[in-house]
Amino acid sequence: MNKDAVMQAAKKAKEAGSTHFCMGAAWRDTIGRKTNFNQILEYVKDIRAMGMEVCCTLGMLEKQQAEELKKAGLTAYNHNLDTSRDICSAGIIGLGEAEEDRVGLLHTLATLPTHPESVPINALVAVKGTPLLDQKPVEIWEMIRMIATARIAMPKAMVRLSAGRVRFSMPEQALCFLAGANSIFTGEKLLTSPNNNFDADQLMFKILGLNLDFSRGRRGSRRST
């Protein structure tokens, strides 16, 4: 995306009430991407100047790059954790992993010296042309179990109903909130996957009677109470 498109997206997110904006790139790492990386540094500075916090997910970084991002004003850096030590699912359920793998993911997070502030629960969004196109869709009850277990294991974490919720109805999302989800990622797209738009989310929160707290969110990340 060019700078105008990024800044417009950030402006729209802020107007909708988000206090954090997250930028992601489908890279394994940033090596050999000096021009792209320098552009991202500028984006971070400009979005911070808008009064928003900024996070990025750009793959593996070198120490100097991490320091440059921090100097530019980056608030947080997102990184993926495999579903377990045995299967690479990057925190997304629905890739063909076993129940034990999902337990392994939550166990790894819950036994860290300090629980993560943010625990996104993602469901696979099958994309045409990829090997997982015909993968069986994640059932809502699978999402609810993951969310409820994460909430019990990490009571102070922000358990985020994340990628894949576009497939779930409003009543199904309500069950996820009852199970322990207290944040969402909002905005029309998450990397390459479609997502619920701002207006639809605002309507959902109004109908469900949920109060919004924007003090601890990330792009599109809204906290519900």
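Analyst: In sorting lining residues, Ala, Val, Leu, Ile, Met, Phe, Trp, Tyr, Cys and Pro count as nonpolar, Asp, Glu, Lys and Arg as charged, and the others, Gly among them, as polar. The lining of the second largest pocket here divides into five nonpolar, three polar and four charged residues. This is a predicted model, in which local features need pLDDT of at least 70, side-chain atom pairs count only at pLDDT 80 or more, and totals for chains, interfaces and linings use all residues. Residues are numbered from 1 along each chain as its sequence is written, and side-chain values use heavy atoms, with hydrogens and water left out.

User: How confident is the prediction, in terms of average pLDDT for the protein chain?

Analyst: pLDDT is the predictor's confidence in each residue, from 0 to 100. The protein chain averages 81, and 85% of the residues score at least 70. Over residues 85-90 the value is below 50; beyond near neighbours in sequence, that stretch has 14 contacts (heavy atoms within 4.5 Å) in the model. Residues 215-223 also have pLDDT below 50, with 58 contacts beyond near neighbours in sequence.

User: Which helices each supply at least two residues of the lining of the second largest pocket?

Analyst: A pocket is an open set of points on a 1 Å grid over the protein atoms alone, where a 1.4 Å probe fits, with protein on both sides within 12 Å along at least five of seven lines; lining residues have an atom within 4 Å of a point. Helices are DSSP runs (H or I, at least four residues), and strands are runs of E of at least two, numbered from the N terminus. Here the helices are α4 (99-110) and α5 (140-153), and α4 gives the most, with six residues. Among the lining residues are E99, R102, H107, E142 and R145.

User: How many helices and strands does the protein chain have?

Analyst: The secondary structure comes to seven helices and eleven strands.

User: Is D4 buried or exposed?

Analyst: Buried means under 20% relative accessible area, exposed over 50%, and partly exposed in between (1.4 Å probe, protein chains only). D4, in helix α1 (residues 3-15), is exposed because its relative accessible area is 63%.

User: Which residues of helix α6 are buried?

Analyst: In α6 (residues 170-179), Q173, A174, C176, F177 and A179 are buried. Just after α6, G180 takes a positive phi of about 135°. Across the protein chain, buried residues make up 45% of the 225 residues.
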